[in-house]
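Hi everyone, thanks for coming. I'd like to walk you through one structure today, so please have a look at it with me.

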Amino acid sequence: MYNNDYFNFSQSKKTSNRLNEIYQSVLNQIEIFSGKKTQLIMAPSEITEITGNIESSIILSQLLYWQDKTNDPEGWIYKTYKDWYEETGLKESQVKKARITLKNLGVVETKIKKSHGITKLHYHLNYEVLMEVICSYYKDSNKQKNLFC
């Protein structure tokens, strides 16, 4: 007699590996055609719910990603609209909309600063406010589980 749980896990793992192979194959093909490295952009549906739109979710997710990669001791990150487009596929108007949304939530600050002698728009993620917004969202929506806010 076989262990049914093991069989299901084994089958699931095989399916998952096959899907990963297909996914990687698609990304590889895009890289061949485009001539540039493709990037996976994470925009969890929960962040989209909290921010109210997918553009803000994408920008916020990318700012979270870049937090430990900045050389600025205060955590400021600069991105041009061209940078955002190349990284996320979002157009200038979409980035502006997202920036306004995130600023209105209080989770992102922006300011014009020089970097390498060039004036650029810098972004700063306010982690404490972000955590407050997340806690508030889950408290208000009664979706919390083991909430420690």
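How many helices and strands does the protein chain have? There are six helices and three strands in the protein chain, where helices (H or I, at least four residues) and strands (E, at least two) are DSSP runs numbered from the N terminus. Starting at the N terminus, the order of elements is α-α-α-β-α-α-β-β-α.

A word on the ground rules. This is a predicted model, with local features needing pLDDT of at least 70 and side-chain atom pairs counting only at pLDDT 80 or more, while totals for chains, interfaces and linings use all residues. Residues are numbered from 1 along each chain as its sequence is written, and side-chain values use heavy atoms, with hydrogens and water left out.

Now the inside. Of the 149 residues in the protein chain, 31% are buried, meaning under 20% relative accessible area, with exposed being over 50% and partly exposed in between (1.4 Å probe, protein chains only). The largest nonpolar core has 21 residues, and Ile-59, Leu-63, Val-108 and Tyr-123 touch the most other members. Such a core is a set of buried Ala, Val, Leu, Ile, Met, Phe, Trp, Tyr and Cys residues joined through side-chain atoms within 4.5 Å.

Next, helix packing. α3 and helix α4 (residues 81–88) pack at about 95°, with axes 12 Å apart; axes are lines fitted to C-alpha atoms, for helices over the stretch in contact, and angles run from 0 to 180 degrees between N-to-C directions. The two helices α3 and α4 are therefore roughly perpendicular, a label for 65 to 115 degrees. Where they meet, α3 brings Ile-58, Ile-59, Gln-62, Leu-63 and Trp-66, and α4 brings Trp-84, Glu-87 and Thr-88, contact being heavy atoms within 4.5 Å.

On to charges. The whole structure has six salt bridges, each a side-chain nitrogen of Lys or Arg within 4 Å of a carboxyl oxygen of Asp or Glu. One of them joins Lys-79 and Glu-87 at 2.6 Å, N to O. Lys-79 is buried, at 10% relative accessibility, and Glu-87 is buried too, at 11%. Lys-82 and Glu-86 also form a salt bridge, at 3.8 Å; because they are four residues apart in helix α4, about one helical turn separates them.

So which buried residue has no salt bridge? That's Arg-99, whose nearest side chain of opposite charge, Glu-92, is 7.3 Å away (Lys and Arg count as positive, Asp and Glu as negative; His and the chain ends are not counted). Arg-99 is in helix α5. Leaving out residues up to four places away in sequence, Arg-99 touches Tyr-81, Thr-110, Leu-121 and Tyr-123.

Conventions: Parallel < 35°, antiparallel > 145°, perpendicular 65-115°, else oblique.
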